[in-house]
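Subject: Structure for you to look at

Hello,

Here is the structure I said I would pass on. My notes follow below it.

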Amino acid sequence: MTDLKTPAVTFDKTRTPGTLFSTLSIPVAIVVLVVIGAIVSPSFLTVSNLTNVINANSTVGLIALGMTFVMVCGGLADLSVPANVAMGALVTLGAQPVVGPGAAALLGILVATAGGVINGLLVGYLRINPIIATLGTGSVLLGLSQLLIGGGIVYAQPSDLANFVKSSILGVPVLIWIFVIVALILQPLLSRTAYGRWNLAVGGNYQAAAASGVPVRFTKASAFALTGLLSGICGTLLALSNGQARPIIGTGYEFVAITAVVIGGTSVFGGNGSIFRTVGGVIITALIGNLIILSGLPTQATGLITGAIVVGAVGIDAYFRRKAGRE
Amino acid sequence: MTKPEQSALALRMTGISKSFPGVKALQNVNLEVREGEVHAIVGENGAGKSTLMKILAGFYQPDEGEIQAAGETVSHWTPREARDRGIGMIYQELNLVPDLSVAENISLGAMPRRGPFVDYRTVTVLAKSVLTELDADIDPGTRLGDLSISQQQLVEIAKVVARKPRIVVFDEPTSSLGDKETRVLFDVIEKMRSRGIAIIYISHRLQEVMEIGDRVTVLRDGRHIETRDVAGVTPDQMVRLMVGRDLSEMFPKLDLELGETVLSVTNISRVGQFEDVTLDVRANEIVGLAGLVGSGRTEVARAIFGLDPIDSGEISLRGKVVRITNPRKGVAAGIALVPEDRKGQGIIPALSVRENFTLAVITRITNALLIFARREKAIVTDLADRLKVNPPQIERPLNAFSGGNQQKVVLGKWLLSEPSLLILDEPTRGVDVGAKADIHEIIGEFAQSGGAVLMISSELPELLAVCDRIFVLHEGNLVAEIPRAAASEESVMRAATGQVSAA
């Protein structure tokens, strides 16, 4: 059997408008935003402003990194993020007098991770719709945290740990360092390990992945556990750097994280995504927020604009998918 | 049979060309279809059949060319235009809503109304009249999802017929049907033809084309090769026109010395699906599993691989009893299953050829942490070359490939896992002749290298040509074991239809 028209195997990626769009759009968008920023406000393009912007978004950025895994594996989104952030923050500060700041921080992260594990069991093993499951656990955990501290504020004790979190290394704030390090760990985890491949496969076609021997339930569950872990770290860092924590500390973080992931081009339908692109998404969301404040628009406009961008990005994604599916 | 050449032209497509980035999908293709004619279109996957039909349905605009419907030239051909001019499409995949009734499905998209409300009386009346017209014994009030696949397809046809079409396109309509259901479909097509409806019939099954077609148009590489009367052409000639070369033998069969028993299944049952099934497969052997749709063939295969649990019985691999409760254990035990439902369970459409190929073995090409990217690429390149994946671009997402190439990738994924038992469920369904021969060759090579193969197929000639032995299932019971020498379409069919009570 000879096939006359079989040329040598190649690695060329086919350049469709969709792939070109997603590879170039992020750097271009960042450059455009920086240019607009420089025009709108003289204080925008300064080292201190840009550092502050990134610093302020690096904690929620951690959650976006976890949320990338959730979306890639077809888990839609984790809506329990605010609750896990609150749990992490409140336990970190609340347990300080009892076990000391270091152990308290670990405990806070652990509690939030446990929340993530519960989400993972519900979504991955019991196969409950992720939106419903995480909305449920989120409400329960947030309610629990409010019950525990009675709606008040928990204050931090001065500690070396808190000072470290608030400090800078080589002129770069520790919070940014942590974000960068976590991103540098998670990027190869998604793109270069078997575990990352499982996430892509599960999100790309759950049935086929299962039939290929991929541990589908574990994969899905672990993405939620990871998001719980990172929500906990986020809460702990926020509590230590702010010196206080309330149950509402993480309100809206789920949406900011989802926005960043979606702007980064990860599909809400699962099956593709990249940590680097999410980092780009975090930077873009941060710059948009900053621009709104600097240009004198009311901060309330942030939701309006980022919301519109999310809807637009998902729309474009759905459009290209439909087009690809038809060919 | 009517004399189609005397009837009026229902459709004329002239000089149709269509390019996509990097591909000339169609070049100067002509197609004429007469009223009351069954016009078959054949060609390998990628020959341009679906592109031509998508143009006809109005989904794509041709770069060049002209479409005439009932003698009228239409300048801008849109999906709406196509529908208004009486073109109905019946695709391989059904476009029906399982939770609605049969009648609602038939009226879907054109619900008769009374004021703002759906006029359910008319819906039911319409459904009844169309179903009667098609001689389909289906109650319009039934929930669609409760019907068999073949009945659902009749509903799909009824949905199209209800709109009084002038031209109906059938795209691979029999790929999910058994022989009996295919008969029913052909009767329906015959009826439509006798009412003067023009029928375009696309199929890889040349026997069907011979049987039902009046004329046949052959496409190859986006070009119109020939249009002939079916009466004056043999399947062999058709194949030659389609592939532009001789297939020396459609199904090469190697005679191999059989090795030890690899799979031995004893009295396995799964309530409601199959009962007391006992079979075995030896190394170097290709064993067929035949039966009508619904006979339990797929269910037996799934149970062996661990996708569904068995209620009783025993499965042994190389003499050792194994308990396989999920596909991961199946893979670990050295079993591979190429599923019947390629789109649903075989491929990950958005991932590349490379990622699909290595999915089942990805943990074997990593160190403690990372995938060996270079080794992965080398393995995949080699395999893509061996399996003649076309186009040979391993970074391209799998949904950009034809069905035959997707199937090669699914097959390749399992070959990489180096299984001792390869289970194939309809491995060549919806696959063109060229790819089919390639797939048979791959299966043959696997058996030759010591593998055991258990193969399910609805196409008897395929089983007869490829298999050393054939087990036949009827309504969940194993009714016959037929050695190659004694196997004929007749003997297998007799068993499959329950005319033989025991082996």
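What share of the 503 residues in chain B is buried? Buried residues come to 50% of them. Please keep in mind throughout that this is a predicted model.

Chain B

The secondary structure of chain B consists of 17 helices and 22 strands. Its radius of gyration is 24 Å, close to the 23 Å that the globule rule gives for 503 residues, so chain B is as compact as a globular protein of that length. Along the principal axes, the C-alpha atoms of chain B fill a box of roughly 70 × 50 × 50 Å. Of the contacts in chain B with a separation of 6 or more, 69% are between residues 24 or more positions apart.

One residue I looked at in chain B is B:G259, which sits in the loop between helix 8 (235–243) and strand 13 (261–270). Is B:G259 buried or partly exposed? It counts as partly exposed, because it has 14 C-beta neighbours inside 10 Å, and a buried residue would need 20 or more. Setting aside neighbours within four places in sequence, B:G259 is in contact with B:R282, B:A283, B:N284 and B:G450. B:I379, on the other hand, is 120 residues from B:G259 in sequence and 28 Å from it in space, C-alpha to C-alpha.

Where the chains meet

The contacts between the chains involve 34 residues of chain A and 40 residues of chain B. On the chain A side, helix 8 (174–192), helix 9 (194–204), helix 10 (206–211) and helix 14 (301–326) each supply at least two of the residues that touch chain B. By class, that side of chain A has 16 nonpolar, 12 polar and 6 charged residues.

Chain A

Helix 2 of chain A covers residues 47–72 and bends by about 50° at A:S58. After this helix comes A:G74, which has a positive phi, near 85°.

As for confidence, chain A has a mean pLDDT of 89, with 91% of its residues at 70 or more. Over residues 1–8 of chain A the pLDDT is below 50, and this stretch has 10 contacts in the model beyond near neighbours in sequence. Residues 10–18 of chain A also stay under 50 in pLDDT; for them the model has 14 contacts beyond four places in sequence.

Regards

Methods. Residues numbered from 1 in each chain as written. Chains lettered and ligands numbered in written order. Predicted model: local features only at pLDDT ≥ 70, side-chain atom pairs only at ≥ 80, totals over all residues. Helix = DSSP H or I, 4+ residues; strand = E, 2+ residues; numbered from the N terminus. Rg over C-alpha atoms; globule rule 2.2 N^0.38 Å. Buried ≥ 20, exposed ≤ 12 C-beta atoms within 10 Å, placed from the backbone. Contact = placed C-beta atoms within 7 Å. Nonpolar A, V, L, I, M, F, W, Y, C, P; charged D, E, K, R; others polar. Bend = angle between axes of the 7 residues up to and from the residue. pLDDT = per-residue confidence, 0-100.
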